Amino acid sequence: MTWEIVIGIETHAQLSTASKIFSGASTAFGAAPNTQASAVDIALPGVLPVLNRGAVERAIRFGLAVGGSINRRSVFARKNYFYPDLPKGYQISQYETPVVKGGTITIDAGNGARVVRLTRAHLEEDAGKSLHEGLPDTMGDVSGIDLNRAGTPLLEIVSEPDMRSAAEAVAYARTLHALVAWIGICDGNMQEGSFRCDANVSVRRAGEPLGTRCEIKNLNSFRFLAQAIAFEVRRQIEVLEDGGTVIQETRLYDPARDETRSMRSKEDAQDYRYFPDPDLPPLVIDDAWVQRVRNELPELPDAMRARLVAEHGVTDYDAQQLTASRALADYYEAACAALPAADAAAHKLVANWVLGEFAAALNRSDIAVAEASVPPARLVALLRRVADGTLSGKMAKEVFDELWSTPQATVDAIVDRRGLRQISDTGALEKLVDEAMAANPAVVAEFRSGKEKAFNSLVGQVMKASKGKANPAQVSAILKRKL
Amino acid sequence: MRTIAEMRHALATRAISSVELAEQALTRVTQSQPAINAFITVDRDSAIAAARAADAALAREDASALAGIPIAHKDVFMTAAMRTTCGSRMLANFVAPYDAQVVARLREAHTVLVGKTNMDEFAMGSSSETSHFGAVRNPWDAGRVAGGSSGGSAAAVAAGLVPAATGTDTGGSIRQPAALSGICGLKPTYGLCSRYGLVAFASSLDTPGAFARDAHGCALMLNAMAGHDPRDSTSLARPAVDYAHGLDASTPARPLAGLRIGLPGEYFGDGVDTHVAQAVTDALAELRKLGAETVDIALPAVRYSIPVYYVIAPAEASSNLARFDGVRYGHRAERYADLVDMYEKTRAEGFGAEVKRRILIGTYVLSHGYYDAYYLKAQRARRLIANDFIRAYAQCDVIAGPTTPTAAFPIGAKADDPVQMYLNDIFTVAANLTGMPAMSTPCGFTPDGLPIGLQLQGNHFAEAQLLNVAHRYQQVTDWHLRAPPRSNA
């Protein structure tokens, strides 16, 4: 019996505004508890919300980036429930009319491109945090409330149940994560909770209607998303194969035990008593606003990928890697712009270096592109010395390492100081080859008797004698001629 | 001296200082407290300090029209450094770190805040009997209510303790107590005065406004209170208007010539006390003498006002009052087993019966499965009521009628019958549902000596017109100048 897995994902992306969605308090992460909670965030009596237009603008940007429609009139509602970290006793969220309707995300989980439809994206405020541990003993047996996060702007992005495997779910989450960072509406920091996913998972036998779903809440890493779905799918199939029924419920994933656990069933579900918030007039977005945001929208990753393949001649795979983040893509574009001659070979060289040495160095140093000590102009200065034959690939890597660790050094100064200039002078190279052949008559004889490997050994001798500075291509050519 | 104008004159001519006015007001407040209980909090020190500052401003001769005038705020407006209780145990010791916008504007105008006035708990009521701090008593008859919910402010002005006070009007909470206390009360257009710092009861209906002895006093208060506030998203950005303009000019022979006064049949039917009906009829005759003509109009949907109001207002209240949960401020139960127990005990102890009743009604009408039948239907009916008024204002300029069906009723008479209590607002709630301005001005007395109010309603932003009509009426009558015997208060 084969089971089909059906997954839909709700994502809470924290919008990158400096202040909160309904108050002027800062949204910066990591401040001391309750130091970034204004009278509005604490919900003192008499305070009122004022909508942050920056949050709306980011929602519009998202809607346009996914090809959704921007509702010209949307409504903020109150979602009523009691919890200590919800100061007003209600969350302000868009309910019946969200700011964005529809749209799509194209994913590739290794089985070709697939389109995931979006249902909607709506604006809402985050709640505060309850702290049950880490409080001073002197406070006794109490829970703490930190309202710094209360009122942080969120865009809740809801997909249709279009994914059919954990791998697709992860591909969707990764693509969405890259997109929101790309268009600058979310910093994407998952450790800090800026991008959190809830997965709705159900299974069914092929051809049957949708099964009962369970929602797994607050998955804040791609790995947890994959593991939680894998566990949940196994659990549901087991239940069904044992003749049981899946109960619609909300579950939590426990990474320590790699399992999901029931949090509350549908029967316990609260009645949120949604109604339009009378403190906020309907959000009206005019065509001019949408047009302005559209004009300011950067080239999107899909479009850029296609352009790099078509115009730069890079491979599809490399184009995908280069557009994995806006910062890396911008770096690549800036490097290409600094090239003296922008032909396919030059683009290919830049792509190789950006995805190779540069990306590796970023990883090793665990820093962001913007913090790298080798900006595009320095990299291009290095690549020019590769292109003109001054440096071999191996030498260039040594120079790159020194550029990385010595921000003020220039490429030519390093080359000269370390004597790394490649020997490309034919006369000098012929001398080196002659010496190598004279010193290794046995190897020469081996090659002449048909042992191809002996050739490489001779090249190696020449390189060794030149301390790696001989141009290997030229050495090979000379050797071939002489043998 | 009972009106702001008289006090302004005395201050301008240095016949009296603001400190002396404040001392007088504080003394009267103290004397009246046992009899009428108009105040919850009085702050002598801050009042005298404000009066000194006002005297300094008056000496510099750059003072505003209200500089040095003693006033009181309904205890629903946040005041920095003076507690704001909302008449509730829940907030009995709550001190806000900020001023409500209306409070801040009146402070900047150098008014002298004497204290905070008593009210129905969380502004829910029409008699000011539900306060945690005891009932307000009517200065005209201490056995009767002063009206509500802004009963303390109305009683304070009626008893001559202060010449003006703020109030809020959600379903009639300024106009009804003004009528029952024999003074002038104005509910402006929704959005004209900021709600920032006003403890929300029903956000789409709550309207800050003012009490004064006369229309001119209300106009001066409105001048100071009105204005756009970016912290209130429902606050309107409008060009400034001088609402007192022309009110002190000389009077032409027929000052209301050309004015069309609409008389809705719905406001003159059964259920209106005969003395009230007679006083209103007499007032209309006076208005005709001043040149106005009256036209019969119909407001067929207005009969749904009370049921619509008692769906929408509790719905919003049930959500607005959720923040009083004992977690961050306000009352918290002393002992509780767990979180839910803490919520339940805190709210059971902190709220009075009427507040609980409305939270329950509101929770019910918003519940899954009932929302469409109640809340949504009420919102549709609200639209129909508004359409009635929009049609009516094509036929007339203002609408007149009684403010309340009866004069002040005895304390306790309706305390156990919420529906009878709610019917007190039958003529006033429509203006809240439409957001249009309305006011009450004194127009007579019952044979028992209880004041009667005439309600004047107008289209959005017609405050200046309403104040003008009331002012012209007050120029030819003296109901607004009658005062209860001092011995009563």
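Q: Where is A:Asp366 placed in chain A?
A: A:Asp366 sits in the loop between α9 (344–365) and α10 (376–387) of chain A. Helices here are DSSP runs of H or I with at least four residues, strands are runs of E with at least two, and both are numbered from the N terminus. A friendly note on the setting: this is a predicted model, in which local features need pLDDT of at least 70, side-chain atom pairs count only at pLDDT 80 or more, and totals for chains, interfaces and linings use all residues. Residues are numbered from 1 along each chain as its sequence is written, with chains lettered from A and ligands numbered from 1 in the order in which they are written.

Q: Why is A:Asp366 called exposed?
A: A:Asp366 has 7 C-beta neighbours inside 10 Å, so A:Asp366 counts as exposed. A:Asp366 also has a positive phi of about 55 degrees although it is not a glycine. Most residues other than glycine have a negative phi.

Q: What makes B:Ser128 count as buried or exposed?
A: B:Ser128 has 35 C-beta neighbours inside 10 Å, and therefore counts as buried. B:Ser128 lies in the loop between β3 (112–117) and β4 (137–138) of chain B, and has a positive phi of about 55 degrees without being a glycine.

Q: How do you know that helix α5 (residues 151–158) of chain B is mostly covered?
A: Eight of its eight residues are buried. Among them are B:Gly151, B:Ser153, B:Ala156 and B:Val157. α5(B) is followed by B:Gly160, whose phi is positive, near 75 degrees.

Q: Which residues does a cis peptide bond join in chain B?
A: The cis bond joins B:Gly148 and B:Ser149, with omega about 10 degrees. B:Ser149 belongs to the loop between β5 (141–145) and α5 of chain B. Most peptide bonds are trans.

Q: Why are α7(B) and α15(B) called roughly antiparallel?
A: The axes of helix α7 (residues 215–225) and helix α15 (residues 463–476), both of chain B, come within 8 Å and cross at roughly 155 degrees. That makes α7(B) roughly antiparallel to α15(B). The cut-offs are under 35 degrees for roughly parallel, over 145 for roughly antiparallel, 65 to 115 for roughly perpendicular, and oblique for the rest. Axes are lines fitted to C-alpha atoms, for helices over the stretch in contact, and angles run from 0 to 180 degrees between N-to-C directions.

Q: Which residues of α7(B) meet α15(B)?
A: They include B:Ala215, B:Cys218 and B:Leu222, and the residues they meet in α15(B) include B:Leu467 and B:Ala470. Two residues are in contact if their C-beta atoms, placed from the backbone, lie within 7 Å.

Q: What makes a set of residues a nonpolar core?
A: Its members are buried Ala, Val, Leu, Ile, Met, Phe, Trp, Tyr and Cys residues joined through C-beta atoms within 7 Å. Of the 230 residues in the largest such core, B:Phe211 and B:Cys218 are among those that touch the most other members. Helix α3 (residues 166–182) of chain A gives the most to this core, with eleven residues.

Q: How many residues does each chain bring to the contact between A and B?
A: Chain A brings 26 residues and chain B brings 33 residues.

Terms used:
Buried ≥ 20, exposed ≤ 12 C-beta atoms within 10 Å, placed from the backbone.
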